[in-house]
Amino acid sequence: MSGMHSTVETTIGIFQEKFGDASDVHVGWSPGRINLIGEYTDLNKGFVLPMAIDLGICVVLRHRARPGITAYAKAYDEVVECHLLTPEYDDLPAWIRYIAGVAVLSQEKGCPISGFDIAVHGNLPNGGGVSSSAALTTATALAMHSSVEWSQPPLQTAEMCQVVEHRFAGVMCGIMDQIACVMGKVDSAVFIDCQTLEVLTVPLKPGRSEVLIVDSGVPRSLHATDYNARRTECASAVAAIQALGVSIESLRNVDAGAFASVRGRLNKTLQKRVQHVITENTRVFEARRALEVGALEDFGRLMNESHESLRTDFQVSIDELDHIVTTAKACKGVLGARLTGAGFGGNAIVLIEPASTDEVEFDIKSRFAERFGRVPQTHRVGQTNEAYGRPLEGASKNKKSAEG
Ligand code: GLA
């Protein structure tokens with residue numbers, strides 16, 4: 001049984017235990033994501049290249065006439081009641097604010113949801129930079145919409161989930177995580193132009209390389225001011241460049257030539273931030289091309305350069321992530337390594353020639369333990385299961401056909 005199937009089975013069991021039976025329930029699943037390259041470019045209307053992974057979040061949901069939400073999350077082992085019409089979201093645990101946010105925004109868009117019972121469970125680490133919150137909102141949205149036979153195009157679901165982060169969690173994130181969760185495909189990366197919202201599936205050739213996720217074990221709270229502070233700095237850079245008479249709408253519009261002409265008149269911090277965004281956008285394009293032609297060494301080099309830029313120019317790395325990346329780069333068979341996601345904790349990813357994975361994993365764990373006194377968690381990325389929301393009958397049928 002795949003990780004997803006056993007997670008779904010467990011979540012159904014949890015729902016039955018908490019809510020009596022599982023008749024008329026709908027199941028939502030969303031994978032988490034890693035970002036192969038393109039960090040902090042989404043909020044500057046640039047380019048990103050994430051991929052959906054084999055870990056994710058499942059929700060089991062039953063629509064009910066009585067307004068409000070009764071939710072149970074296995075990870076927190078708590079049942080929470082929430083009113084939808086007179087919400088006091090600030091007093092609620094963070095995890096249910098995501099669920100309530102999806103319900104409120106869906107209602108605003110005309111989805112005829114009145115109330116529901118919901119159980120949440122997953123095999124994706126919380127707050128570890130692999131998009132647990134985007135996976136939770138995606139799975140909730142898809143199950144909820146299925147339960148009232150309402151739907152919208154996938155891109156709109158992703159945009160709605162992004163607004164949930166802004167309005168209900170106070171994280172002014174870009175659109176990358178939500179598109180990767182909602183639209184990520186098997187054996188593929190997702191290239192996103194965050195200005196036009198053009199989404200391209202970039203096939204990966206299985207077997208040629210393996211991605212190892214290494215968790216720094218340092219919890220990262222996106223809610224914390226750091227992420228929003230970087231966003232504010234980027235906005236300040238745009239305003240400063242505009243004030244110098246250069247016509248731009250976002251850092252996406254600043255090319256190397258324009259930057260050279262204004263650079264000296266920006267303060268040092270803004271210079272660094274802009275430098276990262278410009279070079280990172282170029283790297284995403286080159287990385288996509290490298291993937292398309294199977295030039296994995298080039299792809300790995302771009303990953304290394306991305307990490308360096310995030311460390312020195314965007315300044316979102318930490319010692320633990322730098323240590324993982326430096327150790328990885330010294331190992332035979334490693335093509336590239338970098339932090340993934342927002343930084344300030346969370347995970348690094350390592351691209352490895354499959355024959356070397358065991359050794360690389362061992363080296364990273366043991367060196368990390370020598371330096372930090374604990375062994376980091378790792379995960380080898382397997383084939384993803386794409387996001388869905390459907391009646392339980394449909395889920396079972398599908399499961400049967402998937403298993404032959
Ligand atoms: C988080 C955000 C994304 C993106 C990354 C950094 O994952 O949710 O929108 O900005 O950080 O690239």
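**A histidine, the ligand and the salt bridges**

Modeller: His145 sits in helix α3 (residues 132-147), where helices (H or I, at least four residues) and strands (E, at least two) are DSSP runs numbered from the N terminus. This is a predicted model, in which local features need pLDDT of at least 70 and side-chain atom pairs count only at pLDDT 80 or more, while totals for chains, interfaces and linings use all residues. Residues are numbered from 1 along each chain as its sequence is written, and side-chain values use heavy atoms, with hydrogens and water left out.

Colleague: Is His145 buried or exposed?

Modeller: His145 counts as buried because its relative accessibility is 3%; buried means under 20% relative accessible area, exposed over 50%, and partly exposed in between (1.4 Å probe, protein chains only).

Colleague: And what does His145 touch?

Modeller: Not counting residues up to four places away in sequence, His145 touches Ser106, Cys111, Trp150, Gln152 and Met160, with contact meaning heavy atoms within 4.5 Å.

Colleague: What about His26, where is that?

Modeller: His26 is in strand β1 (residues 26-37), and it is buried, with a relative accessible area of 12%. The C-alpha atoms of His26 and Pro391 are separated by 4.2 Å, although the two residues are 365 residues apart along the chain.

Colleague: Which side chain does the His26 side chain make a polar contact with?

Modeller: The partner is the side chain of Ser146, at 2.7 Å. A polar contact is a pair of N or O atoms within 3.5 Å; within protein, one must be able to donate a hydrogen and the other to accept it, and residues adjacent in sequence count only if both atoms are side-chain atoms.

Colleague: Changing topic, which residues are around the ligand?

Modeller: They are Arg33, Glu39, Tyr40, Asp42, Leu43, Cys173, Gly174, Met176, Asp177, Tyr227, Gly341 and Ala342, a residue being near a molecule or strand if one of its heavy atoms lies within 4 Å of it. A side-chain N or O atom of Glu39 is 2.7 Å from an oxygen atom of the ligand, and for Tyr40 a backbone N or O atom lies 2.7 Å from a ligand oxygen. Asp177 has a polar side-chain atom 2.7 Å from an oxygen atom of the ligand.

Colleague: How much of the ligand does the protein cover?

Modeller: The protein covers 98% of the 310 Å² of accessible area that the ligand has on its own; accessible areas come from the Shrake-Rupley method with a 1.4 Å probe, and for residues, only the protein chains shown count as cover.

Colleague: How many salt bridges are there?

Modeller: The count comes to 17, where a salt bridge is a side-chain nitrogen of Lys or Arg within 4 Å of a carboxyl oxygen of Asp or Glu. One of them joins the side chains of Arg273 and Glu233 (2.5 Å, N to O). Arg273 lies in helix α8 (residues 268-293) and Glu233 in helix α6 (residues 225-243), so this pair ties together parts that are 40 residues apart in sequence.

Colleague: Are those two residues buried or exposed?

Modeller: Arg273 is buried, with a relative accessible area of 4%, and Glu233 is buried too, at 18%.

Colleague: What about Asp358, which residue does it pair with?

Modeller: Asp358 forms a salt bridge with Arg380, and their closest N and O atoms are 2.6 Å apart. Asp358 lies in helix α11 (residues 357-372) and Arg380 in strand β11 (residues 378-380), so the pair ties together parts 22 residues apart in sequence.
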